[in-house]
Amino acid sequence: MENFNFYAPTSIHFGKGEIKELTKIISEIGKNVLLVYGGGSIKVNGIYDEVYRLLPDSDFTITELAGVEPNPRIDTVRKGAALCHENNIDVVLAVGGGSTIDCSKAIAAAYYYEGDPWDFTQDRSLVQKALPLVTVLTMAATGSEMNMGSVLTNPETNEKLSTGGVAMIPRASILDPEYTYTVSKWQTAAGSADITSHLLESYFSQNTEAVVQDRMAEGIMKTVIKYAPIALAEPNNYEARSNLMWSSSLALNGLTRAGKKGTWSCHAIEHELSAYYDITHGIGLAIITPRWMLHVLNDQTVTKFVEYAENVWGIDSNGKDAFDVAKEGIQALYDAFVSWGIPMTLPEVGIDKEKIRLMSEKAIEHSTLATTAYVPLTADDVEEILLNCF
């Protein structure tokens, strides 16, 4: 196991009605609030009105930044940072899913940075300080409510890149599973695939000695596999929604990644799809992941894939060929995604073959896939994986 520093300072307020803590959380930081949200669903489900009830005009001043994109754009970050300066903001309040929180993290850090916040994606060391960030989560997917990461999109350059820093970690996050009742089947499936991908990216690592982390990852994966179908069939099932919500946080708060090294493979590839075609991130990951698995299945990796098939899917390997067992596990994942209603080919999400080679080359350029991935990949490898998604 590699040396690591596990740091998870976010105060989590989990459960029904926990938004009641918002007044106390915000008041301990300041009174000038930047409220950041996306397309307006929080006005439909009542969270917007609840925020204003808990943060009355007599005690707080709220400035709004609405319309954060599903793949948050750098222009929105710039706009948010300007609003912070213009209104002497003390705290950024992100109400929404991962995109809203990612955008808010960058806004909070951009407040203290004199250059362009896109610089953060080129050099994470530039993230030195940030305004305090509080989040109210409305979708289980990215885990951004409990980590330091942020993914931003630059439409002008067709780049979707990550950044992060300790200063970006949310001060507090409110996780009420009831706020996810109105999440559509599409986004519930995409979010569940995203959670699964976060776990798989760390699970398949060059490090083979972080056994504790792998057993935790397997347990969380099995939880998502159990509860995603229930949430899809019964949107108001509290047990299902709460288990998915907590799985989202635990999948990417550093717990299952600690002691492991190496770049993530499927995320690096999918970010290019999102950058050029603006597709839903979790859907892209679902399409790519089984094809990536088959591509990297070889004599050196087959043992790990058998372990995955046995421990996550309960596949009996006794007396079977190892590669057959591995492929059963991969097929089980593919079939699960299909059963969740996820389209499993690129043409179904509007992607043709025109930019496949370009995106393959960019995936290598924008990451360390060629050197530190679970199985190092070339642009030719990425191209083959993407073509197999047709």
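How exposed is Glu 50, in terms of relative accessibility? At 22%, Glu 50 counts as partly exposed; buried means under 20% relative accessible area, exposed over 50%, and partly exposed in between (1.4 Å probe, protein chains only).

The model is predicted: local features need pLDDT of at least 70, side-chain atom pairs count only at pLDDT 80 or more, and totals for chains, interfaces and linings use all residues. Residues are numbered from 1 along each chain as its sequence is written, and side-chain values use heavy atoms, with hydrogens and water left out.

A salt bridge is a side-chain nitrogen of Lys or Arg within 4 Å of a carboxyl oxygen of Asp or Glu. By this rule there are 16 salt bridges, including those in the table.

| Pair | N to O distance |
|---|---|
| Arg 53 and Glu 50 | 2.8 Å |
| Arg 78 and Asp 75 | 2.5 Å |
| Asp 214 and Lys 260 | 2.9 Å |

Arg 53 and Glu 50 lie three residues apart in helix H3 (residues 47-54), about one turn of the helix. Helices are DSSP runs (H or I, at least four residues), numbered from the N terminus. Arg 53 is exposed, at 55% relative accessible area.

In helix H4 (residues 74-86), Arg 78 and Asp 75 are also separated by about one helical turn. Arg 78 is partly exposed at 29%, and Asp 75 is partly exposed at 43%.

The salt bridge between Asp 214 and Lys 260 links parts of the chain 46 residues apart. Both Asp 214 and Lys 260 are buried.

In helix H6 (residues 185-203), 16 of the 19 residues are buried, so H6 is largely enclosed by the rest of the structure.

Terms used. Helices (H or I, at least four residues) and strands (E, at least two) are DSSP runs, numbered from the N terminus. The expected span of a helix is 1.5 Å times one less than its number of residues.
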